[in-house]
Amino acid sequence: MSKTEGSKNNKKNNKKNIKTKRSVKIFFRTFFILMLLFFFVSVGLGLNAVLSITDDAPDFDPRQFNQPLTSHYYDYNNNEITAQHDGHNRIEVSLNEIPEHLQEAFIAVEDERFYDHIGVSPKDILRAVYNNLLEKRLTDQGASTITQQLIKNTFLTPEKTFQRKIQEAWMAVNMEQKYSKREILEFYLNIIYFGDLNYGVEAAAQDYFEKNISEITLAEAALLAGIPRNPTKYSPRRNFEEAKHRQEIILNRMVECGYITESEASRAKEEPIELAEGAERTFEYPHFLDYVEREAEKILKELDIYEDPVQALSQGGLKIYTTLIPETQLMVEEIIDDEQYYPTTIEDEQGKLQPQAAAVLAEPETGYLRALVGGRDYGLHNQDLRVLSRRQPGSAIKPVLAYAPAIEEGIIFPGTVLDDAPITLGNHYWENYDRVFRGLVTMRQALTHSYNIPAVKAYSQLGTDKGMEYAEKLGISTFVKTGDRSDMGALSLAIGGFTDGVRPLDMAQAFAVFANKGVKTPLTSILKIENHQGQEIYSHNPTPEIVLSETTAYLITDVLKDVVKRGTAPELNALGRPVAAKTGTTSENKDGWLVSYTPDYVLSAWIGYDVLTMGSIRGATEYPRRMSAEIMKNIHEELPAREFENPGGLTRVTICSKSGLPPSEECSEDHITSDMFPRGSAPRGECDICVTMEVCAESGLLPTEFCPEVEEKSFIERKEPYEPTDGNWRGGAGRVPRDAELEVPEEACEIHTEGPSAPHDLEIMNFPTGEEVYLTWEHTENKVEGFNIYRQKADEKEYTRINKDLVTVNYFTDRYVSPEETYHYKIMAVNEIGVESLPLLGSIKTHKNGDDPEDSPPEENGENDHSENSEDDDDNEDTNEDDNGDNEENGN
């Protein structure tokens, strides 16, 4: 290529590069101008929108505080139950009367930059925006200052909207321009809500401590400062432990902010809190309404339309429609309060009656809670809602965690056999409540009579994770899944060994699934909620969930019906209708449970001491059984009896209760029963556990050659061996299952271990008539009680004993023979325990004109007595009678 051509090409390339660079500059310049224009337009529109929103914001005037709107509660028939917070308690005080440590406690926990910001905190706003963007929500996490909280609680509606947020911030900034920080703090401390109808710090101090606000201590101030964030959760009367925990958090924040020293915080944490009794709540159905408040608060949080759901409930003018049937609730309250359903009653240090109880009554199909009682003797001293308390469930959890899931998975059925025998699983020595092992039992027997070991084995076969998964679907919500105290993998769950326990409400939910054909309808106390303008903001429209098949629900119910008919809950037989139930008792009788149900209602009942160390309840399940029988009888009085519907697809199979298989010829009648199985899952083959074999009639062990009598008996042969208990079992060592006596013996008879020496020198002679045979023999052993004589004709298959009693001499006359016949004899010595010696054998053929014995036998000679022959021979009748008389002592 020439230089001229190369120069031309370079110029062309340079021109292209210049054009490209120019195009890029034009693009970025245009994009920048457009973005700048978009920004100004957006800012303009945003400012216009903000100005429009702020123009609608009300002016701040402390004389125009919004008064709380009364919320109303209605029963199932839309009759008003109560009006909440109609007549709140507020006592205004000046900031000078409020101790500095109370002011500092609120600032530390609610707004640590209170004295530095202009009404809003940009730093907190950025933090909240960042966190909310991560959650993809714009209004969830607040950055409210004390000034904003004051605005929100007095001038704005509690709805959670972007518009209200802008108004709140705008008004807070304006308020900071008009009022000093001290004035704002005084406004705030006089209007915040502390629960139990108390507004402002003075009313709260008087109600909780019977003191003026100026008199409260640092410890009391920190406790008060923790309440407004959630007056239900942090109420020291309802949840003292939660309130105390929050108090300690606030004291730590005060240390971090430099208001107090660590030593002052430590002293405050250790200071005892003495609460005043306060005013009684006078409305009816307090436990039910307490629960409604909790459920309503949860619903409002999920709706996410109120900045403060607690405030909305207490001041928002809501209308809450419940599932309550007043007559039913009062009936259950009266029974729970009745002294006859408790053991000896005591009063604890807080004035509460002990033991306490709880009950939940609901409709399985609708999920409507019809009665809910959290304890007896409701009052300010006793507002505990024990239907939400966590207590160990004992055996009541077995169908929920082990048996129903195992049926659903096709692992076991009511007729499946489990071995209630000593076993170690998970390094634990498992026992039944009464320290007795029953041996091979069906699942039906095990659940009906509440044996522990079969439940643990079923849970182990199912898998602990799978069992917990089913239990959670059924409604159990209290598993601990992390940390050192985790329930994960714990076989003890199958018999009620939870880390934290279960709630009576959850037990009602789980058993409601059994009653409702395997379908879970969430339990609820609220049907709908309307706001103060009458607009419906919530309606209960649950989506039923199929947790178990109808077959599984029916089979577990059929077994639990046996708990009532022949098991641990006989009191419910008084209902005179199909009813299923399961009892539960915990270690040392600390808790007693009964969860029962019909197609119409499910009832969960619990009894126990609030503090486990207070004592045990002898016969713990007796009391919830009697309570439940009375409640269920009353609630079903006017209802027709209903059967639990059989879903079909089941077949009844005759089985051996020791194997779970169809019986064989070897099975004892005592072990033959029948049970239901899903079609296609019925057991096949025949019993391979039962066997028949010969044993010594006296010892029941394998016979020796010396056993005088042998008989056939039916036995069982276990497929899986067990070891008798040792010293590690609480019930003691050396214990075996009750059916161990039915096992095939492995040892030989220890009674008949040896026999006497055999006779010898047998001589047999034929009398001349040919109709008598004379036998003599020798024997030298002294420990012989006598002899047995056996005879066999040539045409007979077996020997027959021909002496009635033992022959005590060494000779015997057989008077009942016929001429020209061959007879075989055997003589056997017998010792004091009936053991026979080896036989002495001999034979003879009889004929007439035989030889006479050289020595005639004495009159008391041993001889036989064939009464059947003598009856046929009239000629010899007298002779036979004489012979019998002559030889009575020696044996005939």
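Which residues gather in a patch of negative charge on the surface? They are E754, E781, E785 and E832. The model is predicted, so local features need pLDDT of at least 70 and side-chain atom pairs count only at pLDDT 80 or more, while totals for chains, interfaces and linings use all residues. Residues are numbered from 1 along each chain as its sequence is written, and side-chain values use heavy atoms, with hydrogens and water left out.

E781 lies in the loop between β26 (773-778) and β27 (786-793). With 32% relative accessibility, E781 counts as partly exposed, a class between buried (under 20% relative accessible area) and exposed (over 50%), using a 1.4 Å probe and protein chains only.

Helix α4 (residues 146-154) is mostly covered, with 9 of its 9 residues buried. Helices (H or I, at least four residues) and strands (E, at least two) are DSSP runs numbered from the N terminus. The cover over the buried residues of α4 includes α2 (100-110), α5 (162-178), α6 (181-191) and α12 (309-315), where contact means heavy atoms within 4.5 Å.

The backbone also deserves attention in several loops. A cis peptide bond, with omega about 0°, joins Q354 and P355; P355 is in the loop between β7 (353-354) and β8 (356-362). N78, which is not a glycine, has a positive phi of about 65° and sits in the loop between β1 (71-74) and β2 (80-84).

How values were computed
Patch = residues over 30% accessible without salt bridge, like charges linked within 9 Å, V, L, I, M, F, W, Y side chains within 5 Å. Areas by Shrake-Rupley, 256 points an atom, 1.4 Å probe, with all protein chains shown as cover. Salt bridge = Lys/Arg side-chain N within 4 Å of Asp/Glu carboxyl O. Lys, Arg positive; Asp, Glu negative; His and termini not counted. Charge placed at Lys NZ, Arg CZ, Asp CG, Glu CD.
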